[in-house]
Amino acid sequence: MSFEPINPPQRLLMGPGPINADPRVLRAMSAQLVGQYDPAMTGYMNETMELYRGVFRTRNQQTMLVDGTSRAGIEAALVSLIEPGDRVLVPVFGRFGHLLREIAERCGAEVHVIEAEWGTVFSTDAIAAAIAEVRPKVLAIVHGDTSTTVAQPLDEIGALCAANDVILYADATASLGGNRFETDAWGVDVVTAGLQKCLGGPSGSAPITLSPRAVDLINSRKSIEAGIRSEGDVASAHPIRSNYFDLAMIMDYWGPKRLNHHTEATSALYGARECARLLVDEGIPEAVERHRLHGDAMATGLTAMGLTLFGDQKHKMNNVVGVEIPDGIDGDGARAAMLNDYGIEIGTSFGPLHGRVWRIGTMGYNARRDTVLLTLAALEQVLRRGGVTVTAGSGVGAALDMYASA
Ligand SMILES: *Cc1c(COP(=O)(O)O)cnc(C)c1O
């Protein structure tokens with residue numbers, strides 16, 4: 001049997017992520033490897049830390065990468081913070097909130113969940129009441145949940161958690177870089193992300209930042225492996241229950257001690273560094289504004305075609321829009337037509353929204369005018385062939401009008 005070289009079809013990825021990687025990120029990832037402790041490599045690691053402080057809007061020293069997809073960052077954060085028996089509060093407003101609950105449960109936490117209907121977010125009062133009732137050690141919450149296309153406001157939650165001695169963890173995988181996110185100003189203790197949404201890279205690296213408060217908690221659980229332990233190193237009585245995701249050891253690897261843990265995924269680091277470099281170079285507020293502009297143009301175009309947007313639009317994420325599948329249209333059939341006829345991927349939905357809502361993304365490298373106009377033009381044809389009455393050119397025209405007045 002013989003196999004062909006990898007040569008994927010040309011696709012324009014306009015779903016909820018992953019999206020097409022910025023070609024500059026792909027080029028960075030094809031650079032040659034260097035040794036793990038080569039000064040060039042440790043230099044890149046330090047630069048990556050500094051660049052992600054810019055992206056996360058933080059001065060946290062402990063800002064680095066966890067090797068693995070976004071979920072690796074989530075798991076590293078939760079397993080390093082949570083000891084079996086700890087109380088954890090998880091407000092769930094979409095699929096990824098359920099994931100936080102599931103991981104916290106696997107860490108042995110006593111998990112308390114409050115739920116909001118998909119498409120809505122929690123009021124600060126609802127979260128405050130739950131904190132008062134549960135008295136958790138950790139509050140774990142998603143910022144932007146791509147499954148429902150809305151983002152939970154977190155600007156008041158950090159102060160609330162600090163006042164109640166609660167560690168605040170947020171999953172910003174889907175929102176970081178494309179929506180305002182202020183780690184320090186909002187007082188979020190631990191934030192994790194991934195590359196394949198607004199950061200414009202491939203999945204496989206999970207940026208993370210940790211406040212000094214979170215670092216102290218995690219370091220109190222430190223156990224250094226036999227073989228690299230020095231005299232005087234004491235093992236914690238409550239070690240972190242994962243070796244690979246032990247953030248105490250990962251911080252020692254990224255810090256001046258350079259204590260060996262895993263071998264940093266070099267090509268992934270090159271990519272992650274380039275993602276952050278591009279964003280910081282553009283300016284974070286500018287990148288957020290770019291996502292707002294193209295997200296609004298997409299939403300305006302869809303509405304002008306007669307479609308109905310899903311979810312609380314006041315809290316809509318900039319980078320993804322949910323749109324109700326019109327009556328009489330087979331949602332998956334239409335998605336297949338978009339892919340086969342135009343090479344454009346749009347997203348389906350999970351759980352209660354499956355078959356009801358498509359999700360269309362405008363994020364990272366694909367938050368652009370040409371991608372918005374192409375997607376609207378193609379979708380119009382797919383809808384018309386499916387029997388939906390759409391005024392010719394309505395979506396593209398409305399988006400163009402919006403760009404003209406922007
Ligand atoms: C997309 C997304 C993830 C993805 O996790 P991966 O491990 O990279 O697949 C996690 N959390 C949220 C909120 C997301 O939107």
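User: How do strand S9 and strand S10 pair?
Analyst: Strand S9 (residues 190-192) and strand S10 (residues 205-210) are antiparallel, with three bridges between them. Strands here are DSSP runs of E, at least two residues, and helices are runs of H or I, at least four residues, all numbered from the N terminus. Two strands pair if DSSP finds at least two bridges between them. Bear in mind that this is a predicted model: local features need pLDDT of at least 70, side-chain atom pairs count only at pLDDT 80 or more, and totals for chains, interfaces and linings use all residues. Residues are numbered from 1 along each chain as its sequence is written.

User: Ok, and which residue is the bridge partner of Val190 in S10?
Analyst: That's Leu210.

User: Which strands does helix H2 touch?
Analyst: H2 (residues 39-56) packs on the sheet against S2, S9 and S10, and its direction is at about 105 degrees to that of S2. Contact means C-beta atoms, placed from the backbone, within 7 Å. Axes are lines fitted to C-alpha atoms, for helices over the stretch in contact, and angles run from 0 to 180 degrees between N-to-C directions.

User: What about helix H5, where does that pack?
Analyst: H5 (residues 124-134) packs on the sheet too, touching strand S3 (87-92), S4 and strand S5 (138-142), at about 160 degrees to S3.

User: What's the strand order in that sheet?
Analyst: It's an open, mixed sheet of seven strands, running S2-S10-S9-S8-S5-S3-S4. S2 (62-67) and S4 (110-115) are the edges, each pairing on one side only.

User: Switching over: what is the order of the three-strand sheet?
Analyst: S11-S12-S14, open, with antiparallel pairing. S11 (309-310) and S14 (357-361) each have a single partner strand, so one side of each is left without a neighbour in the sheet. H11 packs on this sheet, touching S11, S12 and S14, and makes about 10 degrees with S12 in direction.

User: How many residues are in H11?
Analyst: 21, covering 284-304; it spans 30 Å from first C-alpha to last, close to the expected 30 Å (1.5 Å times one less than the number of residues). Gly306 follows H11, with a positive phi near 95 degrees.

User: Last one: which residues are closest to the ligand?
Analyst: Thr69, Ser70, Arg71, Thr146 and Ala174, out of 13 surrounding residues; near means a C-beta atom, placed from the backbone, within 6 Å. The shell has three nonpolar, seven polar and three charged residues. Ala, Val, Leu, Ile, Met, Phe, Trp, Tyr, Cys and Pro count as nonpolar, Asp, Glu, Lys and Arg as charged, and the others, Gly among them, as polar.

Key:
Contact = placed C-beta atoms within 7 Å.
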